[in-house]
Amino acid sequence: MVNGLAWAAGLFEGEGCISLHPQYKSVRLQMTQSDYDVLQMMQSICGGSIDPKSNKDKPAHYKPLWQWRLNRAEYVYALLEKFLPYFGTRRAYVAQNALDKLDGI
């Protein structure tokens with residue numbers, strides 16, 4: 001059986017984004033893909049929301065895009081703490097900066 005948390009952390013390591021927003025004192029986790037089912041799996045493991053993402057500047061033959069997001073500070077903090085052991089050096093550094101930022105909120 002696949003470890004859902006390890007799978008989600010690995011997917012996020014390769015495809016996700018940790019966005020620090022100093023002006024709003026917030027951190028957001030997000031990931032954009034055309035594979036809706038993959039984002040549904042991410043959502044079932046990690047929570048968050050999935051919304052359509054605009055494809056307006058892309059050629060008509062491109063697949064629709066979807067974006068998974070996690071915004072709420074306490075959920076972002078808890079998930080990053082769980083993901084941290086699975087991250088490589090670069091992503092762990094960014095995640096730790098985000099955790100430090102959220103610790104001060």
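Q67 is buried, with a relative accessible area of 9%. Buried means under 20% relative accessible area, exposed over 50%, and partly exposed in between, with a 1.4 Å probe and protein chains only. This is a predicted model, in which local features need pLDDT of at least 70, side-chain atom pairs count only at pLDDT 80 or more, and totals for chains, interfaces and linings use all residues. Residues are numbered from 1 along each chain as its sequence is written, and side-chain values use heavy atoms, with hydrogens and water left out.

**Q67 and its surroundings**

Q67 sits in strand β4. Strands (E, at least two residues) and helices (H or I, at least four) are DSSP runs, numbered from the N terminus. Leaving aside neighbours within four places in sequence, Q67 is in contact with Q30, M31, T32, L39, S49, I50, D51 and K53. Contact means heavy atoms within 4.5 Å.

R69 is also found in strand β4. With neighbours within four places in sequence left aside, R69 contacts R28, L29, Q30, G48, S49 and D51. R69 and S54 are 15 residues apart in sequence and 15 Å apart in space, C-alpha to C-alpha.

Q30 belongs to strand β2. Its relative accessibility is 16%, so Q30 counts as buried. Not counting residues up to four places away in sequence, Q30 touches F12, G16, C17, S19, Q67, W68 and R69.

The table gives side-chain polar contacts. A polar contact is a pair of N or O atoms within 3.5 Å; within protein, one must be able to donate a hydrogen and the other to accept it, and residues adjacent in sequence count only if both atoms are side-chain atoms.

| Side chain | Partner side chain | Distance |
|---|---|---|
| Q67 | T32 | 3.1 Å |
| R69 | Q67 | 2.7 Å |
| Q30 | R28 | 2.8 Å |

**The sheet**

Four strands form an open sheet in the order β1-β2-β4-β3, and the pairing is antiparallel. Two strands pair if DSSP finds at least two bridges between them. Which strands stand at the edges? They are β1 and β3 (49-53); each has a single partner strand, so one side of each is left without a neighbour in the sheet. From one strand to the next, the twist averages 30°. Axes are lines fitted to C-alpha atoms, for helices over the stretch in contact, and angles run from 0 to 180 degrees between N-to-C directions.

Strand β1 (residues 16-21) pairs with strand β2 (residues 26-33) over six bridges, in the antiparallel sense. I18 has L29 of β2 as its bridge partner. Five bridges join β2 to strand β4 (residues 65-70), and these two run antiparallel. Here Q33 stands opposite W66 in β4. In a regular strand the side chains alternate between the two faces of the sheet.

**The helices**

C17 has Q30 of β2 as its bridge partner. Helix α1 packs on the sheet, touching β1, β2 and β4, and its direction makes about 70° with that of β1. Helix α4 (residues 89-103) also packs on the sheet; α4 touches β1 and β2, and its direction makes about 35° with that of β1.

The axes of α1 (residues 4-15) and α3 (residues 73-83) come within 10 Å and cross at roughly 95°. The two helices are therefore roughly perpendicular to each other. Angles of 65 to 115 degrees count as roughly perpendicular, under 35 as roughly parallel, over 145 as roughly antiparallel and the rest as oblique. L5, A8, A9 and F12 of α1 meet L79, K82 and F83 of α3. The contact residues divide into six nonpolar, no polar and one charged. Ala, Val, Leu, Ile, Met, Phe, Trp, Tyr, Cys and Pro count as nonpolar, Asp, Glu, Lys and Arg as charged, and the others, Gly among them, as polar.
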